[in-house]
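The following note goes through one protein structure point by point. Please keep the sequence and the three-dimensional view at hand while reading.

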Amino acid sequence: MDPVVASMAQQIAHAVGAFEKHRTGHAPKSVTVVLTGDTLVVTLRDALSPAEKALAQSPAKAALMQELNRQLFASSSGALRQEIQRITGVEVRDASAEVETMTGAVMQIFPTGTVVQVFLLAASVPANTWSGSV
């Protein structure tokens, strides 16, 4: 990916995909980056390995896996935070990650003093029906 041609969103998506591959050994199927004001939300689809998907079939093991993922992200996300700062030119003040074990989606959230609510829909909403923010 040519960083001169790529948008910030594309650069962040590439950085996050590489970070996830390095961190877990499994590359996500796709990475979506959304920036709203001072909050960056990154969604990684199909980010769990086959072993993690099998483990997530048990509610107790899924909860354990979610907590392990949160701790692993918290302890290893420094380099990713620095890369996001390099790309955007803005310091990352906070970051968290949440695994949705049923679909294998991982949401990485970089809020800055805001409350973030993430809703993972069962299907895509057609772009032409989306009216934007209020």
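This is a predicted model: local features need pLDDT of at least 70, side-chain atom pairs count only at pLDDT 80 or more; totals for chains, interfaces and linings use all residues.

1. Helices and strands are taken here from DSSP runs and numbered from the N terminus; a helix has at least four residues of type H or I, and a strand has at least two of type E. With this in mind, helix 3 covers residues 59-76, and glutamate 67 and arginine 70 are 3 residues apart in helix 3, which means that about one helical turn separates them.

2. Overall layout. The chain contains 4 helices and 4 strands. Their order along the sequence is α-β-β-α-α-α-β-β. The chain has 134 residues, and 34% of these count as buried. Its accessible surface is about 8,500 Å², with 59% of that area belonging to carbon and sulfur atoms. Among contacts with a separation of 6 or more, 48% are made by residues 24 or more positions apart.

3. How many salt bridges does a search of the whole structure find? The search gives 5. One of the pairs is glutamate 67 with arginine 70, whose side chains meet at 2.8 Å, N to O. Both partners are partly exposed: glutamate 67 has a relative accessibility of 33%, and arginine 70 has 32%.

4. A link from helix 3 to strand 3. Arginine 70 also forms a salt bridge with glutamate 98, where the closest N and O atoms are 2.9 Å apart. This pair connects distant parts of the chain, since arginine 70 belongs to helix 3 and glutamate 98 to strand 3 (residues 96-100), 28 residues apart. Glutamate 98 is partly exposed, at a relative accessible area of 28%. Through shared partners, the salt bridges join Glu67, Arg70 and Glu98 into one network.

5. The hairpin. Strand 1 (residues 30-36) and strand 2 (residues 39-45) run antiparallel and are joined by 7 bridges. Within this pairing, valine 31 stands opposite leucine 44 of strand 2. The two strands form a hairpin with 2 residues between them, and glycine 37 in the turn has a positive phi of about 60°.

6. Aspartate 46. Where does aspartate 46 lie? Its place is in the loop between strand 2 and helix 2 (50-55). Most residues other than glycine have a negative phi. Aspartate 46 has a positive phi, near 55°, although this residue is not glycine. The side chain of aspartate 46 also meets that of lysine 53 in a salt bridge at 2.5 Å, N to O. Are the two partners buried or partly exposed? Aspartate 46 is partly exposed, with a relative accessible area of 27%, and lysine 53 is partly exposed as well, at 32%.

7. The aromatic pair. The structure has 1 aromatic pair. The rings of phenylalanine 19 and phenylalanine 73 have centres 6.2 Å apart and planes at 85°, so the arrangement is edge-to-face. Because phenylalanine 19 lies in helix 1 (residues 8-24) and phenylalanine 73 in helix 3, the pair ties together parts 54 residues apart in sequence.

8. The nonpolar core. Which residues touch the most other members of the largest nonpolar core? They are Ile12, Val42 and Leu80, in a core of 23 residues. Helix 1, strand 2, helix 3, helix 4 (78-88) and strand 3 each supply at least two residues of this core. Helix 1 gives the most, with 5 residues.

9. Contacts of isoleucine 12. When its neighbours within four places in sequence are left aside, isoleucine 12 is in contact with Val33, Leu40, Val42, Ile84, Ile87 and Thr88. One of these partners, Val42, is named with Ile12 among the residues that touch the most other core members.

Notes
Residues are numbered from 1 along each chain as its sequence is written. Side-chain values use heavy atoms; hydrogens and water are left out. A salt bridge is a side-chain nitrogen of Lys or Arg within 4 Å of a carboxyl oxygen of Asp or Glu. Buried means under 20% relative accessible area, exposed over 50%, partly exposed in between (1.4 Å probe, protein chains only). Contact means heavy atoms within 4.5 Å. Accessible areas come from the Shrake-Rupley method with a 1.4 Å probe; for residues, only the protein chains shown count as cover. Two strands pair if DSSP finds at least two bridges between them. Rings of Phe, Tyr and Trp (its six-membered ring) pair if their centres lie within 6.5 Å; planes under 30 degrees apart count as stacked, over 60 as edge-to-face and the rest as tilted. A nonpolar core is a set of buried Ala, Val, Leu, Ile, Met, Phe, Trp, Tyr and Cys residues joined through side-chain atoms within 4.5 Å.
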